Amino acid sequence: MLKFVVRRLVLFVVALALLSVVVFACLRILPGNVAAVMAGTNSTPERVAALSAQMGLDRSYPAQYAAWMSDMAHGNLGISMLTGRSTMAETWGRAQVTLPLIIFGLILSLIIGVPLGVVGATRRTGGLHSVLRYVSLAAGAVPALWGGLLLIMVFGQGVGLVGIFPAQGFPDNGWGSPGQAFSSLILPALSVGIISGAQMMRYTQSALDGVAESGYVTMAMAAGSTRARAIRTTGLRIVLPELISVTGLSFAQMVTGVLVIENLFSLPGLASMLVSDVGNRDLIKVQSELMLLAAFFLAVGLVTDIAHRIADPRLRAGASLEGGVQ
Amino acid sequence: MSLEISNVSVAASGAPILTSVSLTVGDHERVGLIGASGSGKSMLATSVMGLMPSNVTVRGSALLDGQELVGLSPHQFADIRGRSVGFVFQDPLASLNPVVPVGTQIAAPLKRHYSLGSAERRSRVEAMLEKVGLEPRLATAYPHELSGGQAQRAAIACALITSPRLIIADEPTTALDAMTQVQITHLLSSLVDDAGASLLFITHDFSVLARVAQRCYVLGAAPESARAGSSTAGSSNVGSSNVGSSNVGSSIVESGETHELLAHPRSAAGARLVEAARRLSFSAQNADQMPVPPRSHEGGQL
Amino acid sequence: MTSVTPWRAHCASAGASAIASVRATFGFIWRRGEGKFSLLVLAAWIFVCLLAVFWTPQPLSQSDGYNTWASPTPAHPMGTDGTGRDMLSWLMAGSGTELQIVVATCLLAALIGVLFVSFSLARSGLVSEIAVVITDTLLSIPIVLIALILAVPLGASLLVVIVSCGLSYGLNLARIAKPAASLAANARYSEASRAAGSSRWHIFRAHVLPNLIPVFSVQLSICAGTAILAEAGLTYLGIGVPAGTASWGASLSSSASFISIFPLTVVWPGALITLVVVALNVFGDCLRAAVDPVVNSGLRARGSARPHAAGKVTAGRKPAGEAATDAAASDEAVMEEEVRL
């Protein structure tokens with residue numbers, strides 16, 4: 001197990017280094033000088049040169065890369081060219097909206113998806129089975145934007161048929177007013193949670209279908225369970241490692257939808273910052289932001305893989321008890 | 001505890017697997033059920049105990065100490081299994097839950113049916129492990145950490161932990177090597193006798209069966225008379241497309257004392273099985289001339 | 001758990017046989033109610049793409065300034081958008097863009113998938129190790145993050161959508177197909193071929209690649225749905241299809257900002273995307289059953305050696321190293337079956 005964690009950590013660092021090169025390169029293959037792009041089309045050559053010098057862009061690429069890496073390693077992500085604020089502070093401020101939204105959405109997706117998947121797997125025939133199947137197929141195929149719009153049309157305050165949840169914005173003082181902040185995340189989280197939950201349901205059901213008539217479930221039945229109960233307990237435990245992995249993947253898959261939903265609900269999250277930074281060519285900031293996010297998602301992948309290992313004793317390297325009796 | 005199966009017919013998705021099977025296991029008796037691969041012998045045990053997949057239908061009567069089993073609800077079946085009836089399956093590594101320690105799995109029937117303290121459960125599990133010849137420390141081991149023989153011993157412990165009065169062993173030795181087969185069959189029959197339980201031992205191998213069962217039943221292709229019977233018995237799925245499958249299900253073609261049957265098999269199926277056992281034991285070099293049973297696929301069941 | 005059939009047995013060496021296999025597969029899908037639905041929707045989509053090249057109800061350039069946000073009328077069966085452009089015409093034109101994205105994404109994903117599968121089977125430990133690093137770790141990078149990185153040099157463009165989805169799904173594909181591939185690479189027919197002096201590349205082409213077809217075809221139909229959904233999201237974020245290009249995502253995005261005033265216009269593009277993505281997913285489900293000889297007797301009847309569970313793939317992510325165990329387990333199952341019969 002320790003060996004696996006170390007190996008996985010090494011992979012994490014290698015992948016991070018790989019990504020940093022890709023991000024760095026993507027920003028340098030821009031036509032023209034980065035500083036010229038950043039300064040805008042109407043700027044004087046002196047201004048461009050000054051900017052270049054200020055940002056260290058007049059140095060060679062390897063030197064620039066090394067300086068960037070060393071800054072990142074020291075936790076210094078640079079400052080925004082437009083606002084002058086520290087990238088780290090700004091990103092962290094935005095993440096306080098995005099992260100709770102992702103986590104809230106993921107929890108909803110698990111609450112919706114796993115139990116319904118279990119129901120789908122235990123009721124092998126009949127009306128409920130088909131209804132669940134069609135609903136999950138349709139709900140999993142809805143574009144996040146459209147799903148959000150439909151929810152606004154039904155529940156949005158001032159717009160919807162039963163306007164009970166705020167459909168726009170986030171309290172100015174953020175989590176300073178937790179009730180308001182929470183309620184403004186309800187519809188956004190539902191939008192991503194329902195869509196992701198439908199996919200989670202399909203995964204859960206197909207994983208459980210794979211073990212529903214296996215010897216493991218029969219054995220649990222032989223110990224005194226009905227098939228439904230055996231699937232709920234033994235079956236779910238057996239597919240748990242797989243579900244952990246799927247959850248980790250959904251985390252990454254949900255993010256596109258989360259960013260879309262953030263924009264739709266005018267939430268001051270990472271989406272608007274990233275998109276406007278890319279649009280404004282605030283490139284040094286974009287570079288650090290993207291790297292920070294990449295590191296975050298790689299870390300999520302790392303945690304997922306380790307959790308998968310822990311949930312599956314077959315993958316844990318344990319002391320062999322072979323040959324005790326035979 | 002006695003099990004009295006009479007005229008049980010089993011069909012999977014309308015295709016007959018067993019036709020009009022009758023069989024009795026008396027109190028304290030060890031009875032064998034033998035048949036070639038694909039003859040549906042496992043299906044008999046699973047279907048009268050409610051372990052069959054949802055597409056399998058069962059008709060007829062099976063009395064467990066006078067209680068009718070056919071037609072019980074899933075919950076009634078669950079209440080019987082693990083309490084009155086214990087099961088040992090073919091491949092322990094395909095039936096023991098791979099992600100749960102064996103001790104927990106051995107305790108499962110106790111937990112399902114009796115309200116005991118966890119300390120009491122643990123001591124019973126440890127006692128049971130010793131009975132089946134495993135060290136108590138193996139309670140915390142996972143199935144993949146055990147050898148095939150050890151795993152089957154743990155599976156036997158699962159089946160016997162609640163002292164059920166009937167044990168159904170479904171090819172319990174098939175997945176094991178020859179030496180281990182002998183050990184496991186001895187262990188199983190001595191434990192069953194000690195507990196005063198009955199045993200239904202299902203196998204395709206006469207050489208194993210001879211060690212376990214006093215009496216046995218041979219399962220083979222149903223005779224003509226049974227075929228006629230099955231078509232008039234009118235299964236609800238008469239029109240189902242069972243194209244290509246020539247049989248109308250297996251049934252009991254022969255029964256009697258194991259040793260007598262082994263010496264003088266009367267049915268073709270019995271003779272083939274005896275012959276196979278002989279050839280395996282006495283002239284392994286001629287094994288390639290062994291009659292190969294027709295390829296067939298049991299519906300969804302291993 | 002994944003096991004693989006020698007699918008090659010079905011699509012054998014002769015071209016005619018391969019065509020028959022494809023027919024058996026599509027026939028099987030067509031005979032299912034759901035499959036019929038998916039084939040009809042997909043056929044209609046392709047038909048509309050072709051049609052829109054020559055004809056749309058209203059010219060795309062024409063905007064009816066007096067009829068912005070119009071409700072459906074005979075002249076505009078789906079209404080108009082904020083600049084008075086005919087919604088139906090733009091959706092029809094958008095289906096072509098969508099098809100381009102889907103085809104290009106699937107090709108790219110398949111290419112990357114095959115590339116990384118072949119890397120992971122490479123003799124060199126270093127190469128296969130690097131393949132594992134890339135597939136296992138980069139998998140947790142969201143599509144949108146790749147798209148953002150690409151959008152810096154490329155701006156809003158089809159290429160951003162295609163490359164980000166293709167890359168992300170290609171890696172996923174490689175990971176999902178790896179157990180099937182290593183199983184085929186270590187199967188006895190590959191061993192025999194190796195013993196007969198075939199090169200690794202020949203074995204990969206002749207024995208491994210055909211076995212990946214079922215897994216790939218199923219996964220790619222799901223990838224197609226993902227690409228359409230991603231297009232809608234990325235376009236809304238301003239890093240997808242550029243302004244002025246017709247696409248379903250663009251139609252959806254343009255109507256999204258005015259939802260409170262003109263809710264009806266937003267219905268069509270969203271419903272269309274959902275319909276097509278459902279059709280693609282259903283198609284994938286049916287395809288999974290259709291390439292499984294146990295379920296599809298049409299394939300079995302054409303002389304396969306023995307029925308097997310084919311390329312059934314669950315979405316689970318497996319840590320590195322488990323694939324080999326999988327392959328060994330499946331191989332054992334095959335041997336066990338042979339011993340018993």
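Residues are numbered from 1 along each chain as its sequence is written, and chains are lettered from A and ligands numbered from 1 in the order in which they are written. The model is predicted, so local features need pLDDT of at least 70 and side-chain atom pairs count only at pLDDT 80 or more, while totals for chains, interfaces and linings use all residues.

Me: Why is C:Ala279 called buried?

Reply: A residue is buried if 20 or more other C-beta atoms lie within 10 Å of its own, exposed if 12 or fewer, and partly exposed in between, with C-beta atoms placed from the backbone. C:Ala279 has 25 other C-beta atoms within 10 Å, so C:Ala279 is buried.

Me: Where is C:Ala279 placed, and which residues is C:Ala279 in contact with, leaving aside its neighbours within four places in sequence?

Reply: C:Ala279 belongs to helix H11 (residues 263-290) of chain C. Helices (H or I, at least four residues) and strands (E, at least two) are DSSP runs, numbered from the N terminus. Two residues are in contact if their C-beta atoms, placed from the backbone, lie within 7 Å. With neighbours within four places in sequence left aside, C:Ala279 is in contact with C:Phe37, C:Ser38, C:Val41 and C:Leu42. Its C-alpha atom is separated by 18 Å from that of C:Thr97, 182 residues apart along the chain.

Me: What do the helices and burial of chain C come to?

Reply: Chain C has 13 helices and zero strands. Of its 341 residues, 53% are buried. Among contacts in chain C with a separation of 6 or more, 70% are between residues 24 or more positions apart.

Me: How many helices and strands does chain A have?

Reply: There are twelve helices and zero strands in chain A. Its C-alpha trace spans about 80 × 65 × 35 Å along the principal axes. Buried residues account for 48% of the 326 residues in chain A.

Me: What makes up the side of chain A that touches chain C?

Reply: The contact takes 57 residues from chain A and 46 residues from chain C. On the side of chain A, the elements that give two or more residues include helix H1 (2-28), helix H8 (178-211) and helix H10 (227-264) of chain A. H10(A) gives the most, with 14 residues. Ala, Val, Leu, Ile, Met, Phe, Trp, Tyr, Cys and Pro count as nonpolar, Asp, Glu, Lys and Arg as charged, and the others, Gly among them, as polar. By that division, the side of chain A that touches chain C has 43 nonpolar, eleven polar and three charged residues.

Me: Why are the buried residues of H7(B) said to be on the same side?

Reply: The buried residues of H7(B) are B:Gln181, B:Ile184, B:Thr185, B:Leu188 and B:Val192. They cover an arc of only 100° around the axis, which puts them on the same side of H7(B). The arc is that of the directions from the helix axis to the C-beta atoms. On the other side of H7(B), the exposed residues are B:Met179, B:His186, B:Ser190, B:Asp193 and B:Asp194. Among the elements covering the buried residues are helix H6 (148-160) and strand S7 (166-170) of chain B.

Me: What makes strand S1 (residues 3-12) and strand S2 (residues 15-25) of chain B a pair?

Reply: Two strands pair if DSSP finds at least two bridges between them. S1(B) and S2(B) have seven bridges and run in the antiparallel sense, so they pair. B:Leu3 stands opposite B:Val25 in S2(B). The two strands form a hairpin with two residues between them, and B:Ser13 in the turn has a positive phi of about 50°. S1(B) is also joined by eight bridges to strand S4 (residues 56-64) of chain B, and these two run antiparallel. Seven of the ten residues of S1(B) are buried.

Me: Where in chain A is confidence lowest, and where is confidence highest?

Reply: pLDDT is the predictor's confidence in each residue, from 0 to 100. Among the elements of chain A, the mean is lowest in helix H2 (residues 34-39), at 67, and highest in helix H9 (residues 215-222), at 92. Chain A averages 83, and 93% of the residues score at least 70. Over residues 318-326 of chain A, pLDDT stays under 50. Where pLDDT is low, the predicted coordinates should not be read in detail.
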